[in-house]
Amino acid sequence: LSLHQLKQGGLHEIRPEAYRDGPAALGFALAVIAAEAAERVARRDLVLWCLTEGAAREWGRPYGPGLLALGLDPALFLIVEARNAEAAAWALEEGLKSRALIAALAEIEIKAPLIARRLSLAAQAARTPCLLLSSHQQSQLPGTLTRWRITAGRSGPAPFDATAPGAPSWQITLERCRGEAPGQSFTVEFSHESFRFRLSAASCDRAAEAGESSELRRAFSR
């Protein structure tokens with residue numbers, strides 16, 4: 001299991017385990033983008049964020065101070081709030097075709113397989129990761145390179161201050177990825193200092209007990 005797969009150009013579905021895990025899934029997607037932005041290629045300096053009016057009412061609109069807290073400059077984002085999923089998907093596809101994006105993020109419900117395939121092809125042609133945040137009830141979409149299930153995790157203690165919040169933490173389960181066995185589940189944390197994911201101490205302990213090699217741990221620092 002390696003999170004570097006999320007940097008590949010194509011459609012990546014990120015699904016919360018339950019309704020209450022929706023904000024955690026969004027936070028995970030933004031952390032992936034923060035890691036990608038820290039290594040962004042020249043001439044690509046925008047992140048397209050498409051959401052529907054329904055998603056904005058349900059979960060709120062993008063919040064600048066929150067993005068800054070995650071290490072993301074709000075000026076990186078081009079935000080499109082569309083009336084419905086079809087309009088948001090159209091804006092997403094057109095943005096991907098521009099080939100000017102570090103990454104794309106979508107909070108939309110896609111029900112038509114044709115739309116999912118079009119987005120997948122556009123993302124692959126542009127060599128741009130497109131992170132699709134679906135609902136916990138979303139049926140599996142065709143054309144996705146990877147599919148992840150996200151559950152909010154408990155943060156560990158912060159270094160030097162036991163009363164401060166620790167690094168963001170998620171339990172992630174890989175449901176689909178070429179060349180990887182599905183069903184693998186780990187708890188990961190995100191470092192604001194290095195803009196990289198790392199296995200939590202609990203997951204490292206479980207991996208050691210299972211006799212897994214250090215290659216697994218190094219996969220999260222790519």
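I take a residue as buried under 20% relative accessible area, as exposed over 50% and as partly exposed in between, with a 1.4 Å probe and protein chains only. The model is predicted, so local features need pLDDT of at least 70 and side-chain atom pairs count only at pLDDT 80 or more, while totals for chains, interfaces and linings use all residues. Residues are numbered from 1 along each chain as its sequence is written, and side-chain values use heavy atoms, with hydrogens and water left out.

**Entry 1: the chain.** I looked up burial and found that 47% of the 222 residues of the protein chain count as buried. I then listed seven helices and nine strands, taken as DSSP runs (helices H or I, at least four residues; strands E, at least two) numbered from the N terminus.

**Entry 2: two helices.** I turned to helix α4 (residues 85-97) and helix α5 (residues 113-126), whose axes come within 8 Å and cross at roughly 20°. The axes are lines fitted to C-alpha atoms over the stretch in contact, and angles run from 0 to 180 degrees between N-to-C directions. Angles under 35 degrees count as roughly parallel, and α4 and α5 are therefore roughly parallel to each other. Contact means heavy atoms within 4.5 Å; Ala89, Leu92, Glu93, Leu96 and Lys97 in α4 meet residues of α5, among them Ile115, Arg118 and Leu119.

**Entry 3: one residue.** Is Thr52 buried or exposed? I found Thr52 in strand β2 (residues 46-52), and Thr52 is buried, with a relative accessible area of 12%. Beyond its neighbours within four places in sequence, Thr52 is in contact with residues including Glu81, Ala85, Glu107 and Ile108.

Terms used. Parallel < 35°, antiparallel > 145°, perpendicular 65-115°, else oblique.
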